[in-house]
Amino acid sequence: MHTMAPGEKARLTYFNGRGRGESVRFILAAAGVEFTERFLTEKSQLDKWRADGELLFLQVPLLEMDGMKIVQTLAITRYVARKYGLDGKSAEQKTRIDMLNEGARDFLENYFGIGFVPSTEKLLAQIKDTVLPRYMPIFERELAENTSGYLVGDTLSYADVTLLEALLNTEEFLPGSLKDYPNASKFLAKVSSLPQMKTFLQGPQRKGANNDVYINTVKTVLEWL
């Protein structure tokens, strides 16, 4: 079995869609890491990768980087963040970033069901009525208290990247919902306009909203039908 050697371009294995793989794409983009993609399209691929021992916990995403095969979305995110200085400068900052990232991730994951649940309309109504009031005041306050425009310290962290992904989903699926959150709106504009993020968000590796091809592929490969 081939293991990628240090120096080879990173490779992400996932479906050709958002899901958990999109968070990996976001952190790689934030770190300025170029990567290729191997798309999961057939159940036979997944069966082979499992049998070959490529997937420690038998699931994707998988990031091959620096000679390692890294699975579990948060483990991937934290590895990239540690390597490229996106995880804070002190023990206190690192802990704060961890906490805020976990909260931003809980916020973000509410959008993963779009297209998979029986009623996307009901899901979005639930997000608008219960999820946004739960999370947005917290992040609005955090951004108000840290005047740099980032969540922690004066540089980009992986918590910022996760929050960016959540806010972009909010703007996309619930347009106008951020109008009452000026600090979050400023944050969204600031982080999405960073050169590396702007390039990614306007490029082909940023995936579009869940479509029928992606949804049906996931259901077929994972036998959710």
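**Cavities and pockets**

Reply: Start with the largest cavity: helix 1 (19-31), helix 4 (91-108) and helix 6 (158-173) each give at least two residues to its lining. Helices here are DSSP runs of H or I, at least four residues long, numbered from the N terminus. This is a predicted model, where local features need pLDDT of at least 70, side-chain atom pairs count only at pLDDT 80 or more, and totals for chains, interfaces and linings use all residues. Residues are numbered from 1 along each chain as its sequence is written, and side-chain values use heavy atoms, leaving out hydrogens and water.

Me: How is empty space found, and what separates a cavity from a pocket?

Reply: Rolling a probe the size of a water molecule over the atoms shows where empty space is left. On a 1 Å grid over the protein atoms alone, a cavity is a set of points where a 1.4 Å probe fits but cannot get out. A pocket is an open set with protein on both sides within 12 Å along at least five of seven lines. Lining residues have an atom within 4 Å of a point. Points are joined across faces, edges and corners, and a volume is the space filled by probe spheres set on them.

Me: How many cavities of 30 Å³ or more are there?

Reply: The count is 2. The largest holds about 50 Å³. Helix 6 gives the largest share of its lining, 4 residues. Among the lining residues are Ser-23, Arg-105, Tyr-158 and Glu-165.

Me: What kinds of residue line each cavity?

Reply: Sort them by type: Ala, Val, Leu, Ile, Met, Phe, Trp, Tyr, Cys and Pro are nonpolar, Asp, Glu, Lys and Arg are charged, and the others, Gly among them, are polar. The largest cavity has 5 nonpolar, 3 polar and 2 charged. The second largest cavity, about 40 Å³, has 3 nonpolar, 6 polar and 1 charged. Its lining includes Gly-85, Gln-93 and Asp-154.

Me: What is the volume of the largest pocket, and which residues lie nearest its centre?

Reply: The volume is about 600 Å³. Of its 30 lining residues, Tyr-14, Gly-19, Arg-20, Phe-112 and Trp-224 lie nearest the centre. The lining divides into 18 nonpolar, 6 polar and 6 charged.
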